[in-house]
Amino acid sequence: MKENLFDVLIYLFENYYMDEEHAPGTDRESLQLELNEAGFPLHQVNQAFDWLDGLSTQPVTPNTGHQTRHAMRVYHGPELERLDTECRGFLLFLEQMGILTPVSRELVVDRVMALGTDDLDLEQLKWVVLMVLFNQPGEEAAYAWMEDLVLDSMTGSLH
């Protein structure tokens with residue numbers, strides 16, 4: 001089974017984070033064992049935990065209002081390679097809709113870059129946004145909106 005870091009993250013998020021019964025209170029060793037038994041290579045599991053650790057250690061800075069509201073994000077070098085035009089446009093859309101703040105957008109970009117993959121698509125970006133919003137205090141409404149978008153696109157593709 002060829003799995004990548006993103007597959008492990010999605011599995012973790014769907015089975016442990018979104019499910020309140022199995023909230024992330026489960027110890028890391030137990031989760032590592034379960035994920036390994038589910039077919040994920042141990043090095044990918046460890047990378048996923050490192051990625052999630054990076055998400056939870058990012059400083060939470062409140063939105064400063066009008067100072068950043070009209071700021072423009074300029075992507076450069078590796079960010080342009082990793083985030084295609086469609087992904088960058090989607091991030092701008094989310095920011096304009098008030099789903100992402102400039103701070104949460106930067107956290108999304110940071111976590112995308114930490115994935116270390118060159119083949120990120122829009123659906124994967126939506127999952128990264130969802131995971132970031134899930135871990136941001138005070139972003140419950142934005143998370144709920146994004147969760148509906150992600151889950152609707154999943155069920156929409158099954159028809």
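Which residues does Lys126 touch, not counting residues up to four places away in sequence? In this predicted model, the residues in question are Phe90, Met146, Leu149, Val150 and Ser153. Lys126 itself sits in helix 8. With a relative accessibility of 8%, Lys126 falls below the 20% cut-off and therefore counts as buried.

The protein chain has an average pLDDT of 82, and 80% of the residues score at least 70. Confidence is highest in helix 6, at 95, and lowest in helix 4 (residues 66–69), where the mean is 50. Where pLDDT is low, the predicted coordinates should not be read in detail, a caution to keep in mind for helix 4 with its mean of 50.

Attention can now turn to the nonpolar interior. In soluble globular proteins, nonpolar side chains tend to be buried together. Here, the largest nonpolar core contains 45 residues, and those with the most contacts inside it are Leu12, Trp51, Leu83, Leu91, Val108, Leu125 and Val129. Two or more residues are given to this core by each of helix 1, helix 2, helix 3, helix 6, helix 7, helix 8 and helix 9 (140–156).

Leu91 belongs to helix 6, which covers residues 85–96, and it counts as buried because its relative accessibility is 1%, under the 20% limit. Leaving aside neighbours within four places in sequence, the contacts of Leu91 are Tyr75, Leu83, Leu100, Val108, Val109, Leu125 and Val129. Several of these partners, including Leu83, Val108, Leu125 and Val129, are also listed among the residues with the most contacts inside the core. Between Leu91 and Pro102, eleven residues apart in sequence, the C-alpha to C-alpha distance is 10.0 Å.

Helix 3 (residues 42–56) also contributes to the core. The buried residues of helix 3 are Gln44, Val45, Ala48, Phe49, Trp51, Leu52, Gly54 and Leu55. An α-helix has 3.6 residues a turn, so residues three or four places apart point the same way. The buried residues of helix 3 pack against helix 1 (5–17), helix 2 (28–37), helix 7 (102–115) and helix 8 (122–134).

The structure holds eight salt bridges. One of them joins Asp50 and Arg28, with N and O 3.6 Å apart. This pair connects distant parts of the chain, as Asp50 is in helix 3 and Arg28 in helix 2, 22 residues apart. Both partners are partly exposed: Asp50 has a relative accessible area of 47%, and Arg28 has one of 33%.

Other salt bridges have buried partners. In the pair formed by Arg73 and Glu79, the closest N and O atoms are 2.9 Å apart, and both residues are buried. A salt bridge also brings together Glu95 and Arg105, at 2.7 Å from N to O. Because Glu95 lies in helix 6 and Arg105 in helix 7, this pair ties together parts that are ten residues apart in sequence. Glu95 and Arg105 are both buried. Together with Glu106, the residues Arg73, Glu79, Glu95 and Arg105 are linked in a network of salt bridges.

Terms used. Residues numbered from 1 in each chain as written. Heavy atoms only, no water. Helix = DSSP H or I, 4+ residues; strand = E, 2+ residues; numbered from the N terminus. Buried < 20%, exposed > 50% of the residue type's maximum accessible area, 1.4 Å probe, protein only. Contact = heavy atoms within 4.5 Å. Core = buried A, V, L, I, M, F, W, Y, C linked by side-chain atoms within 4.5 Å. pLDDT = per-residue confidence, 0-100. Salt bridge = Lys/Arg side-chain N within 4 Å of Asp/Glu carboxyl O.
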